[in-house]
Amino acid sequence: MTSMDILEHFEENCCVMRYTTAGQLWNIISPREFVDFSYTVGYEEGLLSCGLSVDWSEKRPEFIRGYNHPCGWFCVPHKDNPHQSLLTGYIQTDLHGMIPQSAVDTAMASTLVNFYGDLQKALQKA
């Protein structure tokens, strides 16, 4: 993920967000943007975040619009060590465009590894 912007805020836990990704595999897979409705709440001392792509009229020509089917992230502290949490994500992404499934699988795997690595670095700074 290269950027994340809130496009519309409805209430404290509810908004429409735009996520972008960089091109992958030497730009065989073009940069993508996703526009999702997102709802986040506290859950058992952690967080639960659910999302789903929505139609959004503003499209940027440098990105291909991808689509996220219903997805969710759960962040729950470890009972034995409250300074650590278990982050579990369920995603169902359709990148759209004409790319081979093997390229999608490779790009998604490396993107998720980078996402978790970047998240870990950000949390260590916090």
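Buried means under 20% relative accessible area and exposed means over 50%, with partly exposed in between. Keep that in mind for the close-ups below, all taken from a predicted model.

**View 1. Phe37 and Phe10, a tilted aromatic pair.** At 31% relative accessibility, Phe37 falls between the two cut-offs, so this residue counts as partly exposed. In all, the model has two aromatic pairs. Here the ring centres of Phe10 and Phe37 sit 6.4 Å from each other, and 40 degrees separate the planes. Phe10 belongs to strand 1 (residues 3-11) and Phe37 to strand 3 (residues 32-43), so the pair ties together parts that are 27 residues apart in sequence.

**View 2. Phe74 meets Tyr90 edge-to-face.** The planes stand at 80 degrees, with 5.8 Å between ring centres, and therefore the pair gets the edge-to-face label. Strand 7 (residues 71-77) supplies Phe74 and strand 8 (residues 85-90) supplies Tyr90, so parts 16 residues apart in sequence are tied together. With a relative accessible area of 28%, Phe74 is partly exposed.

**View 3. The largest nonpolar core.** Seven residues make up this one: Cys15, Met17, Tyr19, Ile29, Phe34, Leu95 and Ile99. Strand 2 (residues 14-21) gives the largest share, three residues.

**View 4. Around Cys15, a member of that core.** Who touches Cys15, once neighbours within four places in sequence are left aside? The contacts are Ile6, Glu8, His9, Phe10, Asp36, Phe37 and Ser38. Both rings of the tilted pair, Phe10 and Phe37, belong to residues on that list.

Technical notes: Residues are numbered from 1 along each chain as its sequence is written. This is a predicted model: local features need pLDDT of at least 70, side-chain atom pairs count only at pLDDT 80 or more; totals for chains, interfaces and linings use all residues. Side-chain values use heavy atoms; hydrogens and water are left out. Rings of Phe, Tyr and Trp (its six-membered ring) pair if their centres lie within 6.5 Å; planes under 30 degrees apart count as stacked, over 60 as edge-to-face and the rest as tilted. Helices (H or I, at least four residues) and strands (E, at least two) are DSSP runs, numbered from the N terminus. Buried means under 20% relative accessible area, exposed over 50%, partly exposed in between (1.4 Å probe, protein chains only). A nonpolar core is a set of buried Ala, Val, Leu, Ile, Met, Phe, Trp, Tyr and Cys residues joined through side-chain atoms within 4.5 Å. Contact means heavy atoms within 4.5 Å.
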